[in-house]
Amino acid sequence: MSDIKAIQDFLLSYQSLEDDRPVWVEMLGEEPLSYTVFLVPGKQVEEDIIGNKTVSYPFGFGAVEVIADNSALLAAEFYEEFADWLGEQTELGNLPVLDTGKEAISIEALDTATIIERAEKTGVFQILCKLIYEVREED
């Protein structure tokens, strides 16, 4: 399973997602009907002297949200709660399940959500995140 698929599966466990909105990979429509998880440049790999690797895997999460009236505030609060949830999952050790040989260490939001695109009554919100995992050199 790819890292991004593992993240997608993990995000589906977030209880505050709206039930009728799927989490897609690298895909987002014009209406507030789905969430997306997407790749972000900047993956970093550090290797120790015996070949074990620590990978910092950036990704983004977002959606088209209604921003009329007070709903922009509600959307911002949703992403703030999402960021807190990621931190809580790290503290609890409840992390994405990765391929054999990879072990997730932490998952976190890197910043607050921002509106990156705005239409008359909707906006595209995104929050940048990071998964850190280890890859153990097999004996």
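Me: Which residue in E7 is the bridge partner of Ile115?
Reply: That's Phe125. Keep in mind that we're looking at a predicted model here.

Me: Ok, and how do E6 and E7 pair, parallel or antiparallel?
Reply: Antiparallel, over 4 bridges, with strand E6 covering residues 114-118. A hairpin of 3 residues joins E6 to E7.

Me: Let's zoom out. How many helices and strands does the protein have?
Reply: There are 2 helices and 7 strands. Going along the sequence, you read α-β-β-β-β-α-β-β-β.

Me: What box do the C-alpha atoms fill?
Reply: Roughly 60 × 25 × 25 Å, if you take it along the principal axes.

Me: New topic: the inside. What share of the residues is buried?
Reply: Of the 139 residues in the protein, 40% are buried.

Me: And which residues have the most contacts inside the largest nonpolar core?
Reply: Leu11, Phe59, Phe61, Phe82, Leu86 and Leu131, in a core of 32 residues. At least two core residues come from each of these: helix H1 (3-11), strand E2 (35-39), strand E4 (53-66), helix H2 (71-92), strand E5 (102-109) and strand E7 (122-135).

Me: Which element gives the largest share of this core?
Reply: H2 does, with 6 residues.

Me: You listed Phe82. What does Phe82 touch, not counting residues up to four places away in sequence?
Reply: Phe82 touches Leu11, Tyr14, Phe61, Ile127 and Cys129.

Me: Now Ser56. Where does Ser56 lie?
Reply: In strand E4.

Me: Is Ser56 buried or exposed?
Reply: Buried, because its relative accessible area is 15%, and the cut-off for buried is under 20%.

Me: What is Ser56 in contact with, leaving aside neighbours within four places in sequence?
Reply: One group is Gly42, Lys43 and Gln44, and the others are Lys130, Leu131 and Ile132. Leu131 also turned up in the list for the largest nonpolar core.

Me: What about contacts across the whole protein, how many are between residues 24 or more positions apart?
Reply: They account for 59% of the contacts with a separation of 6 or more.

How values were computed. Residues numbered from 1 in each chain as written. Predicted model: local features only at pLDDT ≥ 70, side-chain atom pairs only at ≥ 80, totals over all residues. Heavy atoms only, no water. Buried < 20%, exposed > 50% of the residue type's maximum accessible area, 1.4 Å probe, protein only. Contact = heavy atoms within 4.5 Å. Core = buried A, V, L, I, M, F, W, Y, C linked by side-chain atoms within 4.5 Å. Pairing = 2+ DSSP bridges.
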